[in-house]
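I opened this entry to work through the sheet and the helices around it. The model and its sequence come first.

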Amino acid sequence: MSIGEALRLAQDSELDLVEVAPMARPPVVKLMDYGKFKYEAAQKEREARRNQTQTVIKEMRLRLKIDPHDYETKKGHVVRFLKGGDKVKITVMFRGREQSRPEMGYRLLQRLAGDVSDLGVVESNPKQDGRNMVMVIAPHRNQAAQQAKTVEAKKAKADETAEVQERPLAPQAPPKPAPRDPVEADQA
């Protein structure tokens with residue numbers, strides 16, 4: 001139909017005439033409430049933003065000559081970060097003569113990756129970066145989604161408990177004093 005006829009039809013129905021596909025021949029237009037359309041699009045965008053997770057990269061630094069207990073402690077931190085749904089950047093720092101033995105750093109990073117393989121996957125393999133060797137481990141996808149659900153459930157529970165705490169308590173009567181013994185009264 002002609003443009004004038006389409007505009008008249010839009011005015012009669014109190015809607016807006018919106019061009020949907022300007023490159024098509026003939027151009028495609030649609031009758032709609034444009035304000036409502038923009039509002040719903042903004043709501044969808046806000047909901048999508050709320051549902052997306054922020055990627056956090058935690059860093060753990062190791063030395064080549066690390067004590068077994070210190071290694072276990074650092075591995076525990078890496079496990080905690082991966083369970084929290086965060087990526088972990090592991091850096092092995094080389095000093096002095098250690099720089100001539102990068103294969104030892106590579107073995108240390110591979111050992112750590114093997115120890116936490118049930119929680120995460122190596123996202124970027126170990127690579128030498130000056131005096132450091134760097135590797136990134138990311139949590140498994142399904143685990144990250146599960147962690148997001150857990151965090152959401154905890155927030156909901158925290159909101160629920162906060163709501164319960166905000167309710168005023170019923171007034172209570174003051175405690176009654178214990179009856180005094182007439183013998184004690186005479187002695188006082």
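I took axes as lines fitted to C-alpha atoms, for helices over the stretch in contact, with angles from 0 to 180 degrees between N-to-C directions. I counted contact as heavy atoms within 4.5 Å. The model is predicted.

Entry on the helices. I looked up α3 (residues 68-83) and found that this helix lies across β3, β4, β5 and β6. Helix α3 runs at about 170° to β3. I then turned to α4 (residues 102-115), which packs on the sheet and touches β3, β4, β5 and β6. The direction of α4 makes about 15° with that of β6.

Entry on the sheet. I read the strand order as β3-β4-β6-β5 in an open sheet of 4 strands, with mixed pairing. I asked which strands stand at the edges. They are β3 (57-63) and β5 (120-129); each has a single partner strand, so one side of each is left without a neighbour in the sheet. From one strand to the next, I noted an average twist of 20°.

Entry on β6. I checked its pairing with β4: β4 (residues 87-93) and β6 (residues 132-139) are antiparallel over 6 bridges. Met 93 stands opposite Asn 132 in β6. I next checked β5 and β6, which pair in the antiparallel sense over 7 bridges. Here Asp 129 stands opposite Asn 132. I followed the chain through the hairpin of β5 and β6 and found 2 residues between the strands. Gly 130 in that turn has a positive phi of about 70°.

Notes:
Residues numbered from 1 in each chain as written. Predicted model: local features only at pLDDT ≥ 70, side-chain atom pairs only at ≥ 80, totals over all residues. Heavy atoms only, no water. Pairing = 2+ DSSP bridges.
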